[in-house]
Amino acid sequence: MSSLAVALADGSVVAKRNLIKIKRIPDLLVGTLISPIMFILLFGYVFGGAIEVPGVNYREFLVPGIFAQTVIFGATITGAGLADDMQKGIIERFRSLPMAQSAVLVGRTSSDVVTNVIVTVIMSLTGLVIGWRIRTSVLDAVIGYGLLLLFAYAISWCMALLGLLIRTPEAFNNLTFITIFPITFLTNGFVPIESYPSVLRHIAEWNPVSTLVQSARERFGNVGPGPEPSSWALQHAELYTLGWIVVILAVFVPLATRQYQRAAAR
């Protein structure tokens, strides 16, 4: 077998191990599910009446933003899991096995994708209950979901690097919360971007999470007939988002792999 095939085969075993852990400790998945469902219900019913979006129902406007925020937070499971494994010495056990060096990272990030698929399905059902609808074709919907999962997969490699650097789950969770929370809120995910002050509006327009949300809205048909976005990033949301995905993977895959080799060799 080629080195790539070996890495993928070993990575699938590690991914299976991570998914079995969720099966045996379902609290890990329940905690990930409760937060987005709460956001959908709270924003949809509590704040929805006070937030007006021209040309589109607020709940349809909201749900793609919740999708983006949730899959990004779901990507942090990779870093938390690696930090936990480092703390418990499990990485050293992996080092003693005849497996590819990259298998642990490939398995961790891949299992995050599976977890995010499960969470996205449940969120979609919740969205349908409150009135959200996909108003485009099946192909458009698949592309929309694919962009969400692909962006989250790229973020999971960032989280892998942080998890290997920080090494304790508690510190990792604190750091990711105070960084990802403002990044996902300073977007067009919850309110129209035109409502922001000028400086924050420019930041939000070029925030890749905003273009991810915009891409999902366009693919799901949740965009109203209002004026075209003023920034180039939002006008070419899918292209801009895919560019960020490529850059993140190109930077953080080798960095995370190198840090794993260093950390595991200690």
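**α3 against α8.** I looked up who touches whom here: Gln69, Ile72 and Phe73 in α3 meet Phe177, Ile180, Phe181, Thr184 and Phe185 in α8 (contact means heavy atoms within 4.5 Å; helices are DSSP runs of H or I, at least four residues, numbered from the N terminus). By class I get 6 nonpolar, 2 polar and no charged residues (Ala, Val, Leu, Ile, Met, Phe, Trp, Tyr, Cys and Pro count as nonpolar, Asp, Glu, Lys and Arg as charged, and the others, Gly among them, as polar).

This is a predicted model, where local features need pLDDT of at least 70 and side-chain atom pairs pLDDT 80 or more, while totals for chains, interfaces and linings use all residues. Residues are numbered from 1 along each chain as its sequence is written, and side-chain values use heavy atoms, with hydrogens and water left out.

Next I checked the geometry: α3 (58-74) and α8 (169-185) pack at about 160°, axes 10 Å apart (axes are lines fitted to C-alpha atoms over the stretch in contact, angles run from 0 to 180 degrees between N-to-C directions). The two are therefore roughly antiparallel (over 145 degrees).

**α6 against α7.** For α6 (103-130) and α7 (138-166), I find axes that come within 9 Å and cross at roughly 135°. On the α6 side I noted Asp112, Asn116 and Ser124, among others; on the α7 side, residues including Tyr145, Trp157 and Leu164. The contact divides into 11 nonpolar, 6 polar and 1 charged.

Key. Parallel < 35°, antiparallel > 145°, perpendicular 65-115°, else oblique.
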